Amino acid sequence: MSVEINPKYHLAYFNMANLYFSQLQYEVALENYNKCLEIVPKDEESLLNRAITFAALKNYQDSLSDFNAVLALNPNNPHVFFNRAQVYQKLGIIHKKFHIGMFYFAELDYKRVLEYMPQDQMTMMRLGDTFGFDINNPGRSMFKRLQFAKKLARTKYTLPDLSYDYNALEPYISAEIMQLHHQKHHQTYVTNLNNAMDKLSTAFTKENLESQISLQQAIKFNGGGHINHTIFWTNLAGKRNGGGELANSILIFLILIDDLKAAIEKQFGSVDQFKTAFNNHAVSVQGSGWAWLGFKTDSKTLQIATTANQDPLQSTTGLVPLLGCDVWEHAYYLQYKNVRPEYLKSFWEVVNWKNVTQRYHDAVQKV
Ligand SMILES: [Fe+2]
């Protein structure tokens with residue numbers, strides 16, 4: 001109906017396209033994405049969804065073109081590189097003359113994904129598919145794949161890049177805090193984690209059980225610090241990128257995302273009531289730690305929790321982390337001194353709800 005009232009309303013076409021896609025009506029979905037993009041030619045989400053629609057229609061050439069357009073708008077999204085790599089592989093299989101080149105491009109894209117997510121097993125395996133791929137001898141490819149996956153499994157942990165500038169969260173979180181927090185604090189956890197893992201590897205080689213046990217605390221603390229901060233950075237977004245905005249169901253990568261807003265309202269009464277409850281937990285953390293919104297897999301419900309120090313949520317409570325708030329003083333002291341509630345007030349202004357919603361959807365789908 002909204003299309004008849006206002007034909008220029010591109011979101012109506014976008015939502016209709018998503019709906020048709022979810023019903024597997026790809027041709028009609030494509031028509032609606034086309035209309036949407038006629039109105040807003042550089043709409044990243046429409047281009048992305050159309051790219052995947054083209055892929056679903058086995059039109060890999062146009063799919064590739066749209067993925068390229070998305071990456072021209074936003075070159076920091078590992079999921080787009082992952083999708084484009086798959087399209088390159090499809091093109092390599094269809095056009096045998098070009099398979100070496102296509103698989104090489106796919107390899108580059110998968111490696112790019114691993115820069116953002118160094119331990120992602122799926123990407124490692126897909127990369128192995130491209131590495132030494134022999135179209136006439138898939139068995140050889142499998143052998144190479146396993147070799148390569150083993151090699152990559154020993155990759156060192158690295159500091160992930162932020163997808164935004166240090167000043168992107170101002171005035172709510174200052175550039176100075178973000179830079180120190182990322183470059184100094186998080187980097188220290190990564191460095192110490194790698195050192196501990198090296199020592200653990202030596203301890204395993206020497207079958208030194210005492211040494212293996214003594215390293216557990218360092219691995220928990222620094223590994224937890226790495227896990228927690230890696231989640232935290234993606235949980236944040238500047239105002240210009242939708243920070244603080246929680247919308248109803250959205251579509252990412254052609255999948256209707258489970259509606260986190262509705263789940264919060266159902267469980268906590270309203271989003272504001274949820275924020276108040278979350279803040280109460282965050283304020284109650286004695287000393288250093290984290291406040292979380294987690295997903296309880298057995299009851300499929302949301303739960304607010306806190307963890308001490310750098311204890312990672314899932315390892316210590318079983319909850320799947322959706323949203324983390326770092327309440328260590330290093331996260332806010334330079335700007336808010338010891339007034340944690342003021343920091344929490346600002347925190348909600350820069351929550352990347354899209355990311356939190358995507359995490360919720362992924363957690364629900366895995367149950
Ligand atoms: Fe921190």
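Modeller: Buried means under 20% relative accessible area, exposed over 50%, and partly exposed in between (1.4 Å probe, protein chains only). The model is predicted: local features need pLDDT of at least 70 and side-chain atom pairs pLDDT 80 or more, while totals for chains, interfaces and linings use all residues. Residues are numbered from 1 along each chain as its sequence is written, and side-chain values use heavy atoms, without hydrogens and water.

Colleague: How many helices and strands does the protein chain have?

Modeller: Helices (H or I, at least four residues) and strands (E, at least two) are DSSP runs, numbered from the N terminus. On that basis, the secondary structure of the protein chain comes to 18 helices and five strands.

Colleague: What percentage of the residues in the protein chain is buried?

Modeller: The protein chain has 367 residues. The buried part of these residues is 45%.

Colleague: Which residues coordinate the iron ion?

Modeller: Donors are N, O and S atoms within 2.8 Å of the metal (3.2 Å for Na, K and Ca), and sites may look incomplete because water is not among the atoms. The donors of the iron ion lie at 1.9 to 2.1 Å and follow the spacing H-x47-H-x96-D-x3-H along the chain.

Colleague: Is the site of the iron ion tetrahedral or irregular?

Modeller: Four donors count as tetrahedral if all angles lie between 85 and 135 degrees; four count as square planar and six as octahedral if opposite donors are over 155 degrees apart and all others between 65 and 115; anything else is irregular. Here the angles among the four donor atoms run from 90 to 139 degrees. The site is therefore classed as irregular.

Colleague: Are Asp 326 and His 330 buried or exposed?

Modeller: Asp 326 and His 330 are both buried.

Colleague: Which residue in β5 is the bridge partner of Ala 291?

Modeller: Two strands pair if DSSP finds at least two bridges between them. Strand β3, residues 289-296, pairs with β5 in the antiparallel sense over six bridges. In β5, the partner of Ala 291 is Cys 325.

Colleague: Which residues have the most contacts inside the largest nonpolar core?

Modeller: A nonpolar core is a set of buried Ala, Val, Leu, Ile, Met, Phe, Trp, Tyr and Cys residues joined through side-chain atoms within 4.5 Å. The largest one has 50 residues, and β3 gives the most to this core, with five residues. Apart from it lies another core of 24 residues, among them Leu 37 and Tyr 60. In the largest core, the residues with the most contacts are Phe 278, Tyr 343 and Trp 353.

Colleague: Which residues does Phe 278 touch, beyond those up to four places away in sequence?

Modeller: Contact means heavy atoms within 4.5 Å. Two of the residues touched are the bridge partners Ala 291 and Cys 325.

Colleague: How far apart in space are the C-alpha atoms of Arg 359 and Pro 321?

Modeller: Arg 359 is in helix α18, residues 353-366, and is partly exposed at 23% relative accessibility. Among the residues that Arg 359 touches are Ile 231, Pro 321 and Leu 322. Although 38 residues separate Arg 359 from Pro 321 in sequence, the distance from C-alpha to C-alpha is 7.9 Å.

Colleague: What is the relative accessibility of Ser 63?

Modeller: Ser 63 is in helix α5, residues 60-73. Leaving aside neighbours within four places in sequence, Ser 63 is in contact with Ala 51, Phe 54, Ala 55 and Val 87. Ser 63 counts as buried because its relative accessibility is 0%.

Colleague: What is the relative accessible area of Leu 24?

Modeller: Most residues other than glycine have a negative phi, and most peptide bonds are trans. Leu 24 has a positive phi near 65 degrees and is found in the loop between α2 (10-22) and α3 (26-39). Leu 24 is exposed, with a relative accessible area of 58%.
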